[in-house]
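Me: Could you take a close look at one part of this protein for me, the eight-stranded sheet and what surrounds it? I'd like one connected walk-through.

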Amino acid sequence: MGTLYPQDSDLQRRLAETREEPEPLRAEGETEETRFADDPVPESNAWLPSSLGLSVFTNAEELILYCRAARYITVRGQGPRHWRRESLPAVPVPVKIGQTEVKVFDGRAEVRLRWRPFNDGNLLTVALVNSAFAPEPVPGKRPQPQWDDMLFQVSLEVEPVGGAFLPYPSVRLTSRDLEEQELRLQYRHVVTHAVGHGCAVEEERANGTIAKVRTQVMPEAEVPGVQAAGASGSPVLTLARLGDPGVSAEELRAELRDFTRSYRDWYEQQCEIDIPPVGRAAAHRILERIRIAVERMEAGIDALCRDDKSTELQAFRLANRAMALQMRHVKKDLAGERRRRTDAVPKDPEPAADAAWYPFQLGFFLLAAQGLIDEAHPDREVVDLIWFPTGGGKTEAYLLLASFEMLLRRLRYGSAGGGTAVISRYTLSLLTTQQFQRAATTVCALEYLRDPAGLTPEEASKAPEPLLGREPFSIGLWVGMATSPNTYEEARRAFEDQRAAQRPEDVFILDRCSWCGTRLLPASKSPQIEDYGVQAKEDSFKFFCPRDDCRFHDVLPVAVVDEHIYDRPPTFLLGTVDKFARLAWVPQAKSLFGGQGHRRPSLVIQDELHLLTGPLGTTVGLYEAAVLQLCAWGEGPAPKVIASTATIRRAGEQVRQTYGRDVQLFPPAGLDARFSYFAEPDTDSPGRRYVGVMAQGHTAGRATVATAAALLQGPLELPQEHRDDYWTLVAYHHSLRELGRTKTAAGDDIPAQLAGMGEPGRHRELTEREVQELTSNLARSEQPKLLDDLERPWDHERSVSFLVCTNMLSVGVDVKRLALMLMLGQPKATAEYIQATSRVGRHKIPGLVVTFLNSTRPRDRSHYETFDTYHQALYQHVEPTSVTPWSIPSRRRALHAALVVLVRHGIGLAAENQAGAILDHPTELADAAAKIADWVARCDPASADAAERDLSALRRQWREHAQHAKDTGKNYYYRNAGKGQTNLLGNFGRADGLWATPHSMRSVDQECQVIVKGAGE
């Protein structure tokens, strides 16, 4: 990097000769659409660049240029050839407006300037160009590098005289999009003054202005961490205070009012900020969202603290006590780390007295509280979206809400409040299983509060009715069969296999007791059945803690087998969004939506909302029309929906399309994107440092090897006490193909490169065992083991030196040790870039991200040339998500499935042989279709009429086929019931039913065969 080659270097010509023949220039004629602006510095884009430069907007009529470079002169003589460095003189070069060319370095290079008048100044491009030309190639002779004519360590600096650098013009300044206008106001502190060409740009400030700009071939940018702000330190934030029944409702109301009063004061200060006229409309919209949040929080306090005996206040206190227990039991001395059943653990430790909420966590609860307490309140129909940077504590915020809702149902409705109360969905199985561990500890805490003594069913039947009912609090994981068994029989066989295995694997997801951390399966085969915390029979399944003195020695309130979940619907149901496609196929799933005297689910949580995009988000949005209406079937109240995200744009559009509701983003940002009262930049700790690398003139593979080897060798040079900080290098890839190349290089090229680095005998070894992979290829049972290994220090025998991964890492993986990442290529979405790079430096060690950008990819080059300003406003560049659940292709794919879900689990025609029973329920079928049509009208009014016609056609088809089966004396089944029978649903991609219906929400595109015939056939 920073090398300028002679012009027309032969390598570029040879590459051009061997690549695919391009379409002739101007083949279709020059029109307004095909005419492009000339590249102001074309030589900077060559494979072997001969120039670099920058563009600025300035009103100065004179500039001073500073050019720096070096040569390496070949020295030949006795012994091997070597090179002597010669620094070229750096002298100030004044240039005036209109001047276009200046010779520098005694004619070895020249500065080219291009002036373009614009408004009250000039758009100026300055380029430093190597004046030498490569010699003509000699046929049959391999061209040799022209070392003596190359310029190395090149830099160009520009200083205005009698003027200034002005903000560089951008198309963003003319956007009519309302959110773009708000972002422009909120990020007005980030201003682009220069753009690089073949390099990045660094700005030098003096007295509040840009004094100089210079080229930078290895740009750096620090993204400050975000810390929770607000009324931190207030006693009302402590869980002990909030859970104390001795604090009266009036006292608590006053303390919570003080908490929100400071937020209102901040809001009023924001209203006093002077905003230029062009931004006032955007400022009004921003401030209006803050006002609504303040008022909702105040209303939440009033609803919560009505009086000392209210069930709402009682549920709130218990929820805080449960979360205090959860925070204590997820520590490493308990459930935070796996251990043998003979290892000592603290016995019933008290929660930490100083355990406290971040202000935004308590604020989010107060915001959503009234929508949970009052089932008829308008807030019930608002999706509350918690937006906070990755690792900030969003999970605990919605676990508090979930605990409150589960407790409130029991206190209000008694046994009717049992059954499934909360449904939480995730998009990735790894994310789901990780969150499952934390949620399971929360449910154990609730069950501990319900029944501290852990009574057996027989003992409980003789004891007085507990305050929270006789039904245990429980949690269920509802995921695909590749992750957990679907039936008792499958679970029994799986357990028998593990009982016989020399090294049992965690095939049941839950790998430890959620209360004390004791292993549920031993690390190696044990002759003692007591070491196995699983009981799997032909008609039942349960977990129990192998530790004799654990509160959950008899049974853990956790279910992972589908049949178990259907038989005993868990209070808290976690699942991947894919699994809900099974509602059309599985009759037993009806039990998850009330029945047997239980109310229907009343709280729905969607984690990582930004991942619901593209085909997956589109399909999820269509199924939501059925899922959310099942939760409110009949005259029941609609469920409250909350969601979380760290990166999102146009949330209102996505939520409206997916849930048919308005959205409230919390905490809403202020007039400056850096401050939202509840969050502010962390100025006391180093931020995450990003370094850009774009190796021009080298293949991506070769440059990757050199970069990875340098990053692996670096920690070895650190003092031993700091060596572990950056020992594990995470290499992030965008495809399995690219990952395969890197993993191959890790077995050969990278170790070879390492062998030549460092002092003699002091280079880092990279063995095959130290290279690990985190991708979809990794068996589910191996994932927890790998995450454990990633936490091991550098000198442990199972430590990981080099982790190659895909986007499986970017969501939900929290490994405290990771601090070093090599990002191979710019991700297609800024949201993924933020999510992935935030996996390093999440704790005490500052993160370092080296972004390797491919010079042959225009998008990578663009990010490289604007590296600093891009990283100053990362969240501004997050792309809007796209979901179109009511488009024609989406309706054709799964609209019928939503109708079937409502018929089976809403109307109640769930049994496999009841598909024909709709002939006896024409009104109910029409009502189900009408519910979906009304839903579409709320989500996407433009598609409402077309969807209603489609639903009419579906009803007609269903009735006709059911009537035909009846006329021929056959039952009409939902799924294939064997030869000679007729059925409604067919497997997706096969012609074995009336409607091809997916089992999953992924891979929903059908394949088709394409036959390419020769010309004239």
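Reply: Here is a tour that begins with the sheet and goes on to the cores and one threonine.

First, the ground rules: this is a predicted model, in which local features need pLDDT of at least 70, side-chain atom pairs count only at pLDDT 80 or more, and totals for chains, interfaces and linings use all residues. Residues are numbered from 1 along each chain as its sequence is written, and side-chain values use heavy atoms, with hydrogens and water left out. As for pLDDT (the predictor's confidence in each residue, from 0 to 100), the chain averages 89, with 93% of residues at 70 or more.

Now the sheet. It's an open one, its eight strands running β20-β17-β21-β16-β22-β23-β15-β24 with parallel pairing. (Strands are DSSP E runs of at least two residues and helices are H or I runs of at least four, numbered from the N terminus; two strands pair if DSSP finds at least two bridges between them.) At the edges you'll find β20 (558-559) and β24 (662-666); each has a single partner strand, so one side of each has no neighbour in the sheet. Further in, β15 (382-387) and β23 (640-645) run parallel, joined by four bridges, and Leu 385 sits opposite Ala 643 of β23. Helix α13 (614-631) packs on this sheet, touching β16 (422-426), β22 (603-606) and β23, and its direction makes about 160° with that of β16. (Contact means heavy atoms within 4.5 Å; axes are lines fitted to C-alpha atoms, for helices over the stretch in contact, and angles run from 0 to 180 degrees between N-to-C directions.)

On to the cores. A nonpolar core is a set of buried Ala, Val, Leu, Ile, Met, Phe, Trp, Tyr and Cys residues joined through side-chain atoms within 4.5 Å; buried means under 20% relative accessible area, exposed over 50%, partly exposed in between (1.4 Å probe, protein chains only). The largest has 113 residues, and Phe 404, Phe 541, Phe 543 and Phe 572 have the most contacts inside it. Leaving out residues up to four places away in sequence, Phe 572 touches Val 422 and Ser 424, among others.

Last, Thr 518, in the loop between α11 (488-500) and β18 (534-537). Thr 518 counts as buried because its relative accessibility is 0%. Its side chain makes a 2.9 Å polar contact with that of Arg 547. (That's a pair of N or O atoms within 3.5 Å; within protein, one must be able to donate a hydrogen and the other to accept it, and residues adjacent in sequence count only if both atoms are side-chain atoms.)
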